[in-house]
Amino acid sequence: MRLAMFCGSKPGNQPNFSEGVAQLGQVLGQRGVHVVYGGGKVGLMGVIAYAALAAGSEVHGVITENLLHKEIGHPGLTHLEVVASMHDRKARMADLADGFVALPGGAGTLDEIFEAWTWAQLGYHNKPVCFYNIDGFFAPLFDMIDAMVSNGFLREDFQQQLIITDDPDDLINCVEEYQPPKQKWS
């Protein structure tokens, strides 16, 4: 199994983010789950890559030419693929992954996980979409998703399809047991 990790190119200002991501990387390796991610060596991107590699996972990075030339590409990955644009990067990661996981991060992380979630709703894939919710990082976002449901903009089954956990083993177990809801326009 390969999971796409979407996360910050910064570590955040609390050590618990890096610690939680490193723990996830370790468990992924122990459980034989491989990582697909943005190919960087900085921030939480670097943390997940280094931890997963150290624990025995294969780690496949997908990075844009522009970011590679700014010297943030990780030099020690199992495979580093260089693509032309961010659109190509997201599409390639989606092709490679069996599921998607948001770790703490910024606007790019939200862009990536929301696109994966939208694609699932529209039936472009049947892969799980997960939030690794270290210390409740995503709680305000989940309040917004509640508002989308209560105001009639999102079906409740699409909200319920999200896997939300702060436990690495639980995350992997939920991904393995995932059953997608009916497509939006079915």
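This report covers a helix, a pocket, the cysteines and one proline of a predicted model.

## Basis

The model is predicted, so local features need pLDDT of at least 70, side-chain atom pairs count only at pLDDT 80 or more, and totals for chains, interfaces and linings use all residues. Residues are numbered from 1 along each chain as its sequence is written, and side-chain values use heavy atoms, without hydrogens and water.

## Helix 1

Helix 1 spans residues 15–30 and has 16 residues. Helices here are DSSP runs of H or I with at least four residues; strands are runs of E with at least two; both are numbered from the N terminus. From first C-alpha to last, helix 1 reaches 23 Å, close to the 22 Å expected at 1.5 Å a residue. The expected span is 1.5 Å times one less than the number of residues.

Several residues of helix 1 are buried, among them Phe-17, Val-21, Leu-24 and Leu-28. Buried means under 20% relative accessible area, exposed over 50%, and partly exposed in between, with a 1.4 Å probe and protein chains only. The buried residues of helix 1 pack against strand 1, strand 2 (34–37), helix 2, strand 6 (129–132) and helix 8. Just after helix 1, Gly-32 takes a positive phi of about 75°.

## The largest pocket

The largest pocket holds about 400 Å³ of space. A pocket is an open set of points on a 1 Å grid over the protein atoms alone, where a 1.4 Å probe fits, with protein on both sides within 12 Å along at least five of seven lines; lining residues have an atom within 4 Å of a point. The volume is the space filled by probe spheres set on the points.

Its lining has 28 residues, with Cys-7, Gly-8, Ser-9, Gly-108 and Thr-109 nearest the centre. Helix 5 gives the most, with 5 residues. By class, the lining has 15 nonpolar, 9 polar and 4 charged residues.

## Cysteines

The structure holds 0 disulfides. A disulfide is a pair of cysteine sulfur atoms within 2.5 Å. The sulfur of Cys-7 is 14 Å from the closest one, in Cys-130, which is too far for a bond. Cys-174 is in no disulfide either; its nearest cysteine sulfur, in Cys-130, is 7.7 Å away.

Cys-7 is buried, at 8% relative accessibility. Cys-174 is partly exposed, at 25%.

## Pro-181

Pro-181 is in the segment after helix 8 (168–177). Leaving out residues up to four places away in sequence, Pro-181 touches Asp-157, Phe-158 and Gln-161. Contact means heavy atoms within 4.5 Å.

Definitions and conventions: Nonpolar A, V, L, I, M, F, W, Y, C, P; charged D, E, K, R; others polar.
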